[in-house]
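Dear colleague,

Please find the structure below for your records.

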Amino acid sequence: MAEATGGRPQAGEVLLRLTGISKNFGAVQALTDIELEVRAGEVVALVGDNGAGKSTLIKILAGVHPQSAGRIEFMGREVTIDNPAAALSMGIATVFQDLALCENLDVVANLFLGHEMNPWQLDEVAMEVRAWTLLQELAARIPSVREPVASLSGGQRQTVAIARSLLLDPKIIMLDEPTAALGVAQTAEVLNLIERVRDRGLGVIVISHNMEDVRAVADRIVVLRLGRNNGEFTAEASNEDLVAAITGATENAVSRRSARHAARHPASEASA
Amino acid sequence: MTMPDPAPTTLDRADSRLHHDDSLTGAVHAFVARMRTGDLGILPVAIGLVVITVVFTALNPVFVAPANLVNLLFDCATVGFIALGVVCVLMLGEIDLAIGSMSGLASAIVGVLWIQAGLPIGIAIIAAIAVGAVMGLVYALLLVHLGMPSFVSTLAGLLALLGMQLYILGSTGSINLPYASGFVHFGQLMVMPAWVAYILALVPGVAMLVTKLRVARRRRAAGLAAGSLTLLIIRVAITTVALVAAVWYLNLGRGVPWIFGLFVAAVVALDYALKRTKWGRSMFAIGGNREAARRAGINIRRITITAFMLCSSLAAVGGVLGAARLASASRQAGTGDVNLNAIAAAVIGGTSLFGGRGSAWSALLGILVIQAISNGLTLLNLSSSLRYMITGAVLAIAVIVDSLARASRQTHGRG
């Protein structure tokens, strides 16, 4: 697609500010008074236990369903996001957990799906060039853009999904569990990719259950618990503090387990 | 210790994990590898056609006589058009079972409006095709708004349209169309003059050469690998020689039927639409992964509606041409094995029943196989009972090949 029409936001400029976001499904209060800020050029990790409301929040921002109450400010203006197309055209791109790629189509076709160049006589050459340029900017290792997506590994598919979300030149990209199904090396590749996206000046929201990955890549860690904000941490925060915020107690399954472990192997715990 | 820098490579050949071999042997190896992983393309059909030709010629040499092959091509166009429509719905992973009835109704509409009501033939044909488009719209709306499976809605359509056909034909049951009319001539007699046929035989090769060279120039300018010129020339030469030889052989008989030319033109048009337009890309995407297509912002409803409307309209065109071919609009039109033959042709030609894979050419190749079998068995004086059984077996084999190839593609990661 065309290069950014508006100027790129300055690093550190607030792109997205949520205030008092609530969402209820019938009697269930999924989100209550959520506050969140995302700046250009930073990675915000959204962590929390199952049912904490992370995915609901992402879906509100992606336009899948609207919030029940609260304000969304994007680039300084209050906005309503009532469908996925609105979110996309505004500049909020989402990579869902199940990636949603067409396995029977090749990488180029998947990247440009729904936004093909020249609808009446597809411009394959231009699309392929743009695909290679985009993948090279991300330093992504895709062997060939003319192979069907079915032949790619999990990490490569994740790369294609992320590249696709970047094609429309968004300001913010949201990733739901980007490393959940990946091996060690592939996880590292995706984390590198996230850093490169951040370095391009985008705001990144990452949902993850993996504290190691979160700490490796996030500038700020926002904890949700039972649909409410439950603390904000930096990447240097200790595991205990994070887990306590996530589970809502210092006394929990994780702390008991590590205490047990420490009692049994005092030496290894000390050296670790 | 350090490797010497390789020669500067193009944008798409930089990754060392990719195999590239632009030589002739490389192309052969790539072809074999594709076959082994279940990416069969037209190979099963090509083999099938060769086997059919050899067997029937051994049993009755008349089979390969030019006159018989010309007849065969005359017969291909009617069901071929219907199969072309089937390709559209199969691509989405849907089905239309009412195509036979639709074609029968279309031929009845032409008969009634043209002969009984005395309207111009052009109006009668447009009316028949319009009815087809409306029926396709109905199936599609039932599917996208009420979630009614196309299998069920078109099964209902099969019966309803057959009833409609019998109703408008009334007690007479059959309307004969005048033999002297241009319409019936087109269906039964009109062949291309030899020089037209030869020129048309040269067109695909020239078109291939021109477009491929232009694309290659653009790719090189954009820093992409452009493929081998030798391979292109070989392909163009083979295509041109084969087509010119076919035209020469058919001209030993009556010549190339115009009605077949019309069918091939429709195939080329649909092939372009499926491969080179956003609409076609969306068709493949919906057949491959509906949810992914939806999230990519594709209007699934609109694409589904166009596919069903196209399918039913093409079935109506097939019915109209069938009336021209038989010089009559009768109660029998569109019944019997028409439905099955059209669906079988699309599947035999390589369009997957599971959606997301196929091409317009599969209608042409499939219908050639079906008509060759039917024609050969007729030459052997076999009854329609045997013909049905054998065609059924061929369809079963085609579906088995499709399923096996699909499983193989999945294990080899080729979608």
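Two residues are in contact if their C-beta atoms, placed from the backbone, lie within 7 Å. Helices (H or I, at least four residues) and strands (E, at least two) are DSSP runs, numbered from the N terminus.

This is a predicted model, in which local features need pLDDT of at least 70 and side-chain atom pairs count only at pLDDT 80 or more, while totals for chains, interfaces and linings use all residues. Residues are numbered from 1 along each chain as its sequence is written, with chains lettered from A and ligands numbered from 1 in the order in which they are written.

In chain A, helix H5 (residues 154-167) and helix H6 (residues 184-199) pack with their axes 9 Å apart, at an angle of about 15° (axes are lines fitted to C-alpha atoms, for helices over the stretch in contact; angles run from 0 to 180 degrees between N-to-C directions). On the H5(A) side, the residues that meet H6(A) include A:Gln158, A:Ile162 and A:Leu166; among their counterparts in H6(A) are A:Val190, A:Leu193 and A:Val197.

Chain A also holds an open sheet of four strands, ordered E2-E1-E4-E5 with antiparallel pairing (two strands pair if DSSP finds at least two bridges between them). Its edge strands are E2 (28-39) and E5 (77-78). Strands E1 (residues 14-25) and E4 (residues 69-74) of chain A are joined over five bridges, and A:Thr19 has A:Arg71 in E4(A) as its bridge partner.

Between the chains, 27 residues of chain A are in contact with 30 residues of chain B. H4(A) gives the largest share of the chain A side, four residues.

Kind regards
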